[in-house]
Structure formats: structure tokens, C-alpha cells
Amino acid sequence: MSQAQTAPQETQAPSGSPSLDYKQMANAIRALSVDAIKKANSGHTGMPMGMADIATVLYSKFLQFDPKNPRWFNRDRLIISNGHGSMLPYSLSYLTGNEKITLDEIKNFRQLGSHTPGHPEVDFDAAIETTTGPLGQGISNSVGFALAERILNAEHGENVDHYTYVFVGDGCLMEGVSHESSSLAGHLGLSKLIAFYDDNKVTIDGTTDLAFSEDVKKRYEAYGWHIQSIDGHDVKAIEDAIIIAQNETEKPSLICCETKIGYGAPTLEGQPKAHGAITGDDEIAGIRENLDWPHAPFEIPANILAMWRSLGTQSPSDEQSFEVDLSSLDEEIAKLKETIVEEKPSKATRQMSGACLEKIIPALPLHTMVGGSADLTGSNNTKVTSSKFISDDNYHGNYINYGVREHGMAAIMNGMALHGGIIPYAGTFMQFADYSRPAIRLAALMEQRVIHVLTHDSIGLGEDGPTHQPVEHLSALRAIPNLYVYRPCDGIETVECWELALKSTTAPSVLALTRQGVPTVREADPVNKSSLGAYILEECEGDEPEVTIFASGSEVQLALEAAEKLGGGVRVVSVPCMDLFWEQDGEYIQSLICNNSIKVGVEAGIRQSWDRLIGGHGIFIGMDSFGASAPAEELFEHFGITANAIVEAVQKRQSK
Ligand SMILES: Cc1ncc(C[n+]2csc(CCOP(=O)(O)OP(=O)(O)O)c2C)c(N)n1
């Protein structure tokens, strides 16, 4: 570390504010990070020490934020994609006077119940914009933030007009999801997205040349980004680069910042070993000496703290609300249900979903629902007549061509939901949810209203074959906590499930929809029965059922057929959403599952999530292998998912 790098670089701040010593301000981040990680005896010291100068310049000279109002809608967003460096944002929140991240929180880093968990977990009050840690997600979220900002700006002008900044490391840029989302960001010309690449040439296993030899700058240039390269410890260079990124390009910006991981550490600076927790007493003493930081652990000198506390702006007290407005939803839902009951269509639930969107979307303000598809628009039925495409020269729209980028799409949707003011929804085939699963999981963890329209939900898609036929997916998706998996059986349930997904403000939803036609089985009913998760669709004769057939989606019609063939003692329960069913009160749950009837579960997927409903002794009619390529009806016969198969299995059990 050269002397020049430790020398204070001061500038004159506006009158009344202290003049800023950027180097010592950055060293405050480094010291807090070292002290918190030493105390927790775990964490990642290298990144906050390497990126501290960039963060200091960004906060001091550019970032639009109000420390007293971290939820200010028009604030700039800063996303920390290399989330292992979580002590960087926590230090920034504390230093700038965020009320939630106190010094005690810094001292409680990584402890149970603290607001300073190991990796950043979305917490708007703490100025943490998104949950990161799985590398590549944050930069992809940032594309969603930047896109949401442009879309809302097209409608609201200067009231929504801010930058999205993102810190990324080598790991993020290696991950495939970042390739997908960065490519789309370039295509859409998201010029208010500015990424700082922590180009320290170090990951965990060693130096990046072990596995990463492409020219990242050329790659991003090819995506349509504006590229700069700077010394990430040079205050002036950082400032100049941000000014250029803001003013001299119409493209998203990648500022490649050459940094030293663990900057200031006597033996570990620049070494892969600096990536993790630096805890050695000698090394830490050496850091204090090198950084000219003689202060005790967790002590920030008053003059340095005053510099940090002078930053930020006061947000306007009369900011308008950008909450989504669903006030006209109920009326549209009621009308849709009436029409379906009258017309009794035998259409695929994906078509009924399309018909539902056709009415709902134009009834809501233009940007309430921003849809899209990973190149399967016509199959997913996600676009409606009133949908307007978003492009690099027109953000005044509500439909995105995501291209064949399922994972990027899901992570971008998370960013849009986190930004606020928009409900993102988009489609692909259910089988390809495997590609987007990491982002779906994060939406659930972050409690974000993101809606995945997953069509072609079983062997019922037919001839495309086992590569495209989901088998384990329904159970696998149900396994994600706080994700609501809806599998409606007809048009009415489809509308009800859309209503529930749209009103679900603290969870993402999956709508599992058929490719093949299904009959309308529900009668006129103003009540949203799907909200119970499972409900009696057809009651048995007598007080107690002899047989209860639980079924979801396209298999509900088979359950009804089987019940008719079996005669009076059969109750049919439709199960549009298991997750919701298990949230009902105990009495209701017991009323459906605690009786002596023979229990049958029917779903063209694996048994895994059904045992809790039907018990270990229940009969399951479904899949236990991959599917096959053939017309759908033949496949249902071939795999034994038919009304007759249900009847036979029940009769066999009854005869025992
Ligand atoms: C998807 C994913 N894979 C693996 C990891 C584990 N991991 C955390 S940091 C890291 C290396 C990241 O290197 P870089 O981005 O260069 O960070 P730096 O070493 O500069 O801090 C890895 C492999 C992870 N967090 N996420």
C-alpha cells in the first residue's frame, strides 16, 4: 500500500457541513468490518476492505438517500450483489445514521435476532434493498430495479427518477444468471444502471485465472454496456467514472474497478485468503497501523462520524404513494366468474388464465401488472390485447420480451417487485421452473409478490415428451416455504387463484396451468373457495364419506368421474393450493382429513406432497417415473391416471 493511498484527500463540502476525508471515511468502513468479523469470528473481511473507497465516493458525492427515511420511494438503490461482503452495507447504514443499524447491531453481526445477518436480507428500514448471497442474483435484481424505475418514470416523470447502483464481484460475473440479465439490460438500454465490478482477480479457491479467462469488458461491451476501467482506490478516478456513467452514455455502465481484496492487511492484502474472515491479532494490528487507525475496536472518531452523518438529503415530506392500486380487481373477478359459469367453457386453464388477464390488466392502471414470458408468450397466454411492449426507446409499457432466459427473468422480476409500484408476472413451461428455482426461492424468502405463470404442467402437454413434462415439480415447488403453488381445475378456480396471487402481498405465487382443455366444474359462487386451499367440490350422500378423493388441476375431472362410477359414498375435494389448506384452522383441516374414509390423492405428478393429506395408507394415483412422448390422452392411459384406475384402486381397497 503506497503512502499516497493513505494520505487524506479532502474537499470542501457545502457550508455548514464538515469537509470530507474520504480515505479516513473509507477506513471507518474497513475498521468496523474488521472489528465485527473478529467479534463474530466469522464473515468476509476482504470485500468491504476492497470496495470501501468506491462506497465512500458513491455515498459522499452521488447517492440520493435520506438516512431518516430509508423508504423514500425515489431514492437511488444500491444493491450489494457480492453479498458475502455484508459488513460493507451494514457499516454504511450505521455510519450514515440509519436508526435500525446501531453500533450494537454491528457488534451483534451474524447473531440470532440481529438486524445484521451473515448475508444481507432485504430490510428497507435498514437500507438493505434485497437479499443477496447466492452470487449473480443481486446484479440480476438490479436489472429489475432499473427496469422498474424506467417503466414508472415513463408514467410519473421526475417523481420516479433515480439511479440503480450495484456492487458485483468475480463470482457474480461468472454465474450464468448474471449473463442472462446483463444481456437483457444492454438490450433494453438501461442507462441508469451503474455496476461497480470489484475486479480484484481473487475468489475463494485462488486467483481468477484458475477458471475465468474471458475478457469481461469485451463481453459486457458486446451486451451493449458502456465500459470503464479505473483504480478502485483512487477517489478522483471513481468520481470521474461515475460522472461519465451518468452523463456520457445511453447504455448501462460497467465500471471495472481494480481493487485489492483485504486492502490494508499486512500479509493478506491481494490474497485469496483475505476473502473470508481475517481474525488474526497480528494481522488486525497491522491493518490498524497501515490504515493509520489507532482507535479502539468499534470506535469511530467523532470527526469521521460527523463526516458520514453529514451525508444524504432530506426526502420530500409530501411524496405521493406508488403502492399498486387493486381497487377495481374485485368487480372484474366477480364479472369473470359470472361469465364462466354462464358459458361453461372446456378450455385449458392456461387459456382461462389468459382470458382472466384480458379483463384484469386493462382494468388496472397501466403499470400495475408488468408481464412477460421467456419466449413462450403464445403458449403461456401472458400477453393480452392491451399489453404494450417495452423496448429500449419506449418504457411506457407493461410487457417484456425476456427472451429465453428463465433464471434471469425470475431474478429480474424479484428486482421489480422489490423496487415497488409494480406486480411482475411472467410465464414459461413449468418444467423450466428448474432453471428459475433459485430466484423463485429468494422471492419466497424475501416475501415478494412475484407471479410465475407455469403452463404445460404435466404429462398432459403430450407429444413434446419427458424433457418438457414436469413430474416432480409440483411437489418440489410446494417444498419451498412461503411460495403458494396454485393448480386450478377449471376457469373459476383459475380466476380465484389469480385473485389470491394478486392480493398476496408477502409471498410469491406459482400458477400451474394445463395445456389441455378441462371442463368447467364449478357452479356460480361469489365466495373464493380456492382461498381455503382445499374444499368439498362434491359432497357424498350420508353423514360420513366412505371414500374421499382429493385431486388438483386437470385431475379433478377424473375424480368427479370416478365418484360417479363408485356411487353415493364418495366425497370429492378439490385441492387448488395445498399451502393455503395447511394454513386453515385445525377444525377445518380435520373436517376434511380426519375421518375413516378411504383417502385417494390424484395428481399427474409425484406422490411426495400428498402424504400429509391422504396419509401413508392413502391411495395415490399419479406419476412415479418420467413421462413419455405421445398424445396426452394416451399418456394418461399409459401411466394409469384415469377415472377407471381410481375406481379399481378404491374397489380393491374396499374388498380387503
Ligand atoms: C451461487 C453461489 N455459489 C457459491 C457461493 C460461495 N461463494 C461465496 S463468495 C465466493 C467467491 C466469490 O468471489 P468474488 O466474487 O471474487 O468475491 P471476493 O473474493 O472478491 O470477495 C463463493 C464461491 C455463493 N455464495 N453463491
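**Exercise 1.** In this predicted model, describe how helix H14 (residues 349–363) and helix H19 (residues 491–503) pack, giving the angle and the distance between their axes, and name the residues that make the contact.

*Solution.* Begin with the geometry: helix H14 and helix H19 pack at an angle of about 50°, and their axes lie 9 Å apart. Angles under 35 degrees would count as roughly parallel and those from 65 to 115 as roughly perpendicular, so H14 is oblique to H19. The next step is handedness, and the crossing of H14 and H19 is right-handed. On the side of H14 the contact is made by Thr 349, Met 352, Ser 353, Cys 356 and Ile 360, while H19 contributes Gly 491, Thr 494, Val 495 and Trp 498. Sorted by class, the residues of this contact between H14 and H19 comprise five nonpolar and four polar ones, with no charged residue. As background to such a list, an α-helix has 3.6 residues a turn, so residues three or four places apart point the same way.

**Exercise 2.** Work out how many residues of helix H4 (residues 87–95) are buried, and say which elements they pack against.

*Solution.* Go along the helix residue by residue: Met 87, Leu 88, Pro 89, Tyr 90, Ser 91, Leu 92, Ser 93, Tyr 94 and Leu 95 are buried. Because nine of the nine residues of H4 are buried, this helix is largely enclosed by the rest of the structure. Its buried residues pack against helix H2 (22–40), H3, strand E3 (77–80), helix H5 (103–107) and helix H12 (302–309). Just after H4, Gly 97 takes a positive phi of about 90°.

**Exercise 3.** Locate Gly 460 and decide whether Gly 460 is buried or exposed.

*Solution.* Gly 460 sits in the loop between strand E11 (451–455) and helix H18 (473–478). A residue counts as buried if 20 or more other C-beta atoms lie within 10 Å of its own; Gly 460 has 23 within that distance, and is therefore buried. Leaving aside residues up to four places away in sequence, Gly 460 touches Thr 514, Arg 515, Gln 516, Ser 554, Ala 604 and Ala 632. Pro 117, by contrast, is 343 residues from Gly 460 in sequence and 44 Å from it in space, C-alpha to C-alpha.

**Exercise 4.** Describe the shell of residues around the ligand by class and by the helices that supply it.

*Solution.* Of the 19 residues around the ligand, Gly 169, Asp 170, Gly 171, Thr 203 and His 275 come nearest. By class, the shell has seven nonpolar, nine polar and three charged residues. Helix H3 (46–62) and helix H7 (170–174) each supply at least two residues, and the largest share, three residues, comes from H7.

Methods: Residues numbered from 1 in each chain as written. Predicted model: local features only at pLDDT ≥ 70, side-chain atom pairs only at ≥ 80, totals over all residues. Near = placed C-beta within 6 Å. Helix = DSSP H or I, 4+ residues; strand = E, 2+ residues; numbered from the N terminus. Nonpolar A, V, L, I, M, F, W, Y, C, P; charged D, E, K, R; others polar. Buried ≥ 20, exposed ≤ 12 C-beta atoms within 10 Å, placed from the backbone. Contact = placed C-beta atoms within 7 Å. Axes fitted to C-alpha atoms, helices over the stretch in contact; angles between N-to-C directions. Parallel < 35°, antiparallel > 145°, perpendicular 65-115°, else oblique. Left-handed = near helix turned anticlockwise from the far one by under 90°.
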